[in-house]
Amino acid sequence: MMLIRAFEAALLRREDHGFQLLTSGQEAVSVGVCAALGESDQLLTSGRSIGPALARGLDPGRVMAELLGKSTGPNRGKGGRGHLAEPVAGFFGAHAVIAGNLTIAAGVALAAKCRARPIVVACMFGDGACGAGALHESLNIAAVWKLPLLFVCDNNQYSVSTPWREVLAPAQLSDIAKPFGVPGVTVDGMDVIAVRNSARDLVDHVRQAGPAFLECVSFRFTPHSTSTRETRSPAELRAAKARCPITQFTAHLRQTNALTAEQLATLGDEVAATVAAALHYADTSPFPDPAEALDDVV
Amino acid sequence: MFSTTHERGMIYVLAVPGPIEDVEEVRVLEWHGTAGQQYKPGDLIVELETHKAVVEVRAGQAGILRRILCEASVWEKAGGLLAVLSDTPDEAMPASWDGLRQCEVAFEIT
Amino acid sequence: MPTPPRFRILPKLLMMSSDREPQTTKVFFREAIARALREEMRRDETIIVLGQDVGAFGGSYKEFMGLHKEFGKMRVWNTPVAEAAMIGLGVGAAASGMRPIVSITYMDFLMLGLDPLVNYAAKARYKTGGQLRVPLIVKVTAGAKGQGVAHSQCLESWLMAVPGLKVVAPSTPADAYGLLKSALQEDGPIVYIDHKRLFQTPGHVPAEEYVTPLGQACVRRTGTDLTIVTHSYMTSVALDAADRLAKHGISCEIIDLRTLMPLDMPTICASVVRTRALLTVEEGQATCGVGAEVAFRVREAVGSVLVGRLGALPAPVSSNPILETACIPDAKRVISATRQLLAV
């Protein structure tokens, strides 16, 4: 979580940061879910991919390179944040169309079933995707065919400027799974242990029985994107930041004596060093040759 | 439909029934009987395949199958001749099938 | 899960030579499709079929008949009516090492699944820098045949403009078989377009296995006065028109595209260089149509020649028989377009 926060902060300090959707504030969701996934499992995400990619274990230098358009990124600089992917590392990839990755994830799960591979496919999406037909179609087919698919709704409560309750009918978003007979759970997305525990339970269920739906209620600490203005009040933001997942978890570890002040400081140093190394790697990597614009089209 | 009277000793041709919408050609799927087989009205004589369905051709009159002109898996155009039948087993086969009366049949598309 | 490299034993390419007539068998159009799938599904267990009514029912045109019985429910998947999910399932499965064919009954309903096809399948290889491949076939049935404005469209020209997508359209059972065999060896997404009116016309198919190469048009009729470039059902309409024109001394060369993207420009240009006149004929809209693309590419490659295009009238195609006939090109309209173009 600390790495994600520091990584994004460093990215934002650059003039060339580009069009980004940041995970800051929502780190517990990615980290908690990834803690429940095994090496052979697959993770798909929306365009809010930086946190999940780092949580899944992608190399921070290569992720930074991809975000900055360098050819050493996993997508050779051609996907950027919206399509960041490294399937061999269990990160099947991001897709920037809202709800666009859900039916794809169902297909990845179908392939696993056809090949009798006991993997779990997790697909992250936001509250913004919950009104889309693709979600309902995917839930339906996953339920009927018992696909090994975990739906992870990272509900940061706003679709750009629109509060979710204004445009979505269910009392809680995990209720969307109910009509399909898919078990749904809602947890506090700012509590990494709660997320991890629920994720583990549901991943077990998915491995054995079929699809499940995990809703994590979270809060983003930055606007929807680097191109979007903030719509929430300063008071609301302050209240949200008071529930920072990193602060909460650190406090928990300190209180239970699982982490000393020294260890915390060391972690901070390691994170800073990792981020610095990532920036250095990206900065010393080349941009793609313009001729590569025609590579890998068909 | 079924015929009420026949002259004794007639030869008939069994043609591909129709018209069937959009069907210009059929392929014989399976004969239900061989030369000498006796049919009464309602008996299944042959099944034909069209591009979308199977056509069951049933006898509309009593008759005896004398000669199959299109064996199974052979193609024939709409209205083309599939077989020769007769009222009795011993009538002589004519030199040509021209001008012969068509055997009454009922057909069902399945 | 990276897509593993494919080492396939390609079916022996049938060599047509004058001293050896290939043995052929006459089959229904639907049987050609089923045969291609059956042969390939027997040798490649990653091939799966998804679609509405493709199970025991065998598909709307019976083109999947027998597959469910032989291969079972883990290879032939009956789906609900959910084209976005159907295609997305195919895309995700293809990207994960399967080789799916998704059947969309009407080309009109492809639109419901354009997001996974265009925004993901066509772009997956590019956007992942080559990490993912999507060997997916989306099979659709196009064309007007009395079923109304939302069940009659020919939208292939839209798909030609999507980088990353290949598009094929057989006009005969032989090519329905051969193009599908080819498509099942591709490693990117391909849209396979058949046509309602093609199913009723049987044709001869070589008894031995073969492939129809992609990107290769077929000269269906040689001629000297005009090159007609067409595809799918309009091929038979153009051939009918050419027969009638021949009686009046006008000699037409008919090129059946077979693959719409990539276009076989060498075959087209070689013809137009001789005839110096091009008429494109399609059942879809002429505006931004297949013909518009062909004509412009011919202009770039060959220079200025006589050019005309014929497509449907710019109106939705009603189920009303009078109106449908008024809208869709027929032999009469091909003949009059030819006469007008050649000023004869």
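This is a predicted model: local features need pLDDT of at least 70, side-chain atom pairs count only at pLDDT 80 or more; totals for chains, interfaces and linings use all residues.

Q: OK, start with chain C. How many helices and strands does chain C have?

A: Chain C has eleven helices and 14 strands. Its radius of gyration is 20 Å, close to the 20 Å from the globule rule for 344 residues, so chain C is as compact as a globular protein of that length.

Q: And what box do its C-alpha atoms fill?

A: Roughly 60 × 50 × 40 Å, taken along the principal axes.

Q: How much of chain C is buried?

A: Buried residues are 54% of the 344 in chain C. As for contacts with a separation of 6 or more, 79% of those in chain C are between residues 24 or more positions apart.

Q: Let's zoom in on H9(C). What span does that helix have?

A: H9(C) covers residues 290-302, which is 13 residues, and reaches 18 Å from its first C-alpha to its last. That's close to the 18 Å expected at 1.5 Å a residue.

Q: Which of its residues are buried?

A: Val290(C), Gly291(C), Val294(C), Ala295(C) and Val298(C) are buried. Looking down the helix axis, the buried residues fall within an arc of 120°, so they line one face of H9(C). On the other side, Phe296(C) and Glu300(C) are exposed.

Q: What covers the buried residues?

A: Several elements of chain C, including helix H5 (156-160), helix H8 (265-275) and strand S13 (277-285).

Q: And what follows H9(C)?

A: Gly303(C), which has a positive phi, near 95°.

Q: New topic: how many residues go into the contact between chains C and A?

A: Chain C gives 34 residues and chain A gives 32. On the chain C side, H3(C) gives the most, with nine residues. That side divides into 18 nonpolar, twelve polar and four charged residues.

Q: What about the contact between chains C and B?

A: That one takes nine residues from chain C and five from chain B. The chain C residues there are five nonpolar, one polar and three charged.

Q: What's the mean pLDDT of chain B?

A: The mean is 92, and 93% of the residues of chain B reach 70 or more.

Q: Last one: is helix H2 of chain A mostly covered or uncovered?

A: Mostly covered: nine of the ten residues in H2(A) are buried. Among them are Glu27(A), Val31(A) and Cys34(A).

Key. Residues are numbered from 1 along each chain as its sequence is written. Chains are lettered from A and ligands numbered from 1 in the order in which they are written. Two residues are in contact if their C-beta atoms, placed from the backbone, lie within 7 Å. Helices (H or I, at least four residues) and strands (E, at least two) are DSSP runs, numbered from the N terminus. Ala, Val, Leu, Ile, Met, Phe, Trp, Tyr, Cys and Pro count as nonpolar, Asp, Glu, Lys and Arg as charged, and the others, Gly among them, as polar. The radius of gyration is taken over C-alpha atoms; the globule rule is 2.2 Å times the number of residues to the power 0.38. A residue is buried if 20 or more other C-beta atoms lie within 10 Å of its own, exposed if 12 or fewer, and partly exposed in between; C-beta atoms are placed from the backbone. pLDDT is the predictor's confidence in each residue, from 0 to 100. The expected span of a helix is 1.5 Å times one less than its number of residues. The arc is that of the directions from the helix axis to the C-beta atoms.
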